Amino acid sequence: MSGGAGFIGSHLCDRLIAEGHSVLALDNFITGSPRNIEHLRGNKSFAFREWDICRPFEVEGPVDGVLNLASLASPKDYLEHPIETLDVGSVGTRNMLEIARRYNARFMLTSTSECYGDPMVHPQVETYWGNVNPVGPRSCYDESKRYAEAVTMAYHRVHGVRTNIARIFNTYGPRMQLRDGRVVPAFIDQALRNEPMTIFGNGSQTRSFCYVDDLVDGLYRLTLSEERYPVNLGNPLEMTILEFAERIRRLTGTKAPLKYEPLPEDDPKQRQPAIEKAKRVLGWEPKVGLEEGLRQTIEYFQRLEAPVAAG
């Protein structure tokens with residue numbers, strides 16, 4: 001698995017091991033963290049290699065599945081590292097596909113709802129081709145994922161690789177980077193510090209938030225499925241960013257004010273997954289309520305903040 005020390009990747013490692021699988025995790029720590037996999041050190045079913053998948057590599061078989069989760073998914077990170085983002089979606093994905101082809105293994109790609117761009121279809125269904133600016137500042141991420149989907153399908157059609165593609169919508173939970181720029185950790189971090197909570201635009205843009213345990217369950221089911229075309233994985237409960245900020249304020253008890261900043265270029269106005277396909281094909285839908293998931297996430301960030309507060 002690439003991206004094995006990342007936010008979602010580390011949780012998926014836990015799930016795979018719990019299901020009786022052995023995992024070799026790869027990560028170059030550009031956004032992943034050793035802390036996310038520290039609890040797996042010494043586990044006989046887990047091995048780790050610090051590696052950039054854009055460089056050629058070999059693994060010792062047998063290999064039953066190749067899961068490609070390596071990516072810079074936060075706007076803060078991919079805007080700082082646009083070339084690395086494009087490389088991991090293209091060269092990195094191709095290298096992972098080659099491992100799957102060589103070992104006749106399953107291959108699962110974690111793609112993104114950003115393939116839909118600033119959508120003109122709502123909610124977003126898998127058959128929608130998207131409204132993406134190919135030369136905008138976010139294109140390094142959007143196009144890296146669109147290319148990754150294309151090369152994944154090419155390996156399926158040309159080489160017969162058993163592929164799966166997950167289009168992941170906003171996901172949150174423990175092990176997110178505290179200051180990665182995404183809305184959930186940003187709001188929680190600012191609320192816990194009683195700093196002004198930053199709203200981009202007027203806060204009317206919408207997002208849908210899926211707890212990481214639900215997302216990982218969907219990824220696991222998809223990896224075992226025979227579905228070759230993209231499947232949306234996310235929580236269809238849609239809310240405005242302003243409503244979400246108020247939810248965080250209430251759960252943290254902060255009195256922090258809201259601070260408004262200009263909306264970034266090409267920022268999607270609406271984001272809501274249609275998950276009928278996931279329900280039908282995978283028997284999957286989210287189960288963790290927003291408040292329950294947020295409470296667990298806030299508690300995680302409080303533990304991270306504790307040493308800072310004590311100092």
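**Packing of α1 against α6**

Helix α1 (residues 7–18) packs against helix α6 (residues 212–223) at an angle of about 65°, and their axes lie 10 Å apart. The structure is a predicted model. The crossing by which α1 passes α6 is right-handed.

On the α1 side, the contact is formed by F7, I8, H11, L12, R15 and L16, which meet V212, D213, L215, V216, D217, L219 and Y220 of α6. Classified by residue type, this contact comprises nine nonpolar, one polar and three charged residues.

Following α1 is G20, which has a positive phi near 95°.

Helix α1 is largely enclosed by the rest of the structure, because nine of its 12 residues are buried. These buried residues are F7, I8, G9, S10, H11, L12, C13, L16 and I17. Among them, F7, I8, H11, L12 and L16 also belong to the set that meets α6.

S208 is located in strand β8 (residues 206–208). With a relative accessible area of 0%, S208 is buried, since the criterion for burial is a value under 20%.

A polar atom of the S208 side chain lies 3.0 Å from the backbone oxygen of R271. Apart from neighbours within four places in sequence, S208 is in contact with N170, with N235, P236, L237 and E238, and with R271, Q272 and P273.

How values were computed. Residues are numbered from 1 along each chain as its sequence is written. This is a predicted model: local features need pLDDT of at least 70, side-chain atom pairs count only at pLDDT 80 or more; totals for chains, interfaces and linings use all residues. Side-chain values use heavy atoms; hydrogens and water are left out. Axes are lines fitted to C-alpha atoms, for helices over the stretch in contact, and angles run from 0 to 180 degrees between N-to-C directions. Helices (H or I, at least four residues) and strands (E, at least two) are DSSP runs, numbered from the N terminus. A crossing is left-handed if the near helix is turned anticlockwise from the far one by less than a right angle, and right-handed if clockwise. Contact means heavy atoms within 4.5 Å. Ala, Val, Leu, Ile, Met, Phe, Trp, Tyr, Cys and Pro count as nonpolar, Asp, Glu, Lys and Arg as charged, and the others, Gly among them, as polar. Buried means under 20% relative accessible area, exposed over 50%, partly exposed in between (1.4 Å probe, protein chains only). A polar contact is a pair of N or O atoms within 3.5 Å; within protein, one must be able to donate a hydrogen and the other to accept it, and residues adjacent in sequence count only if both atoms are side-chain atoms.
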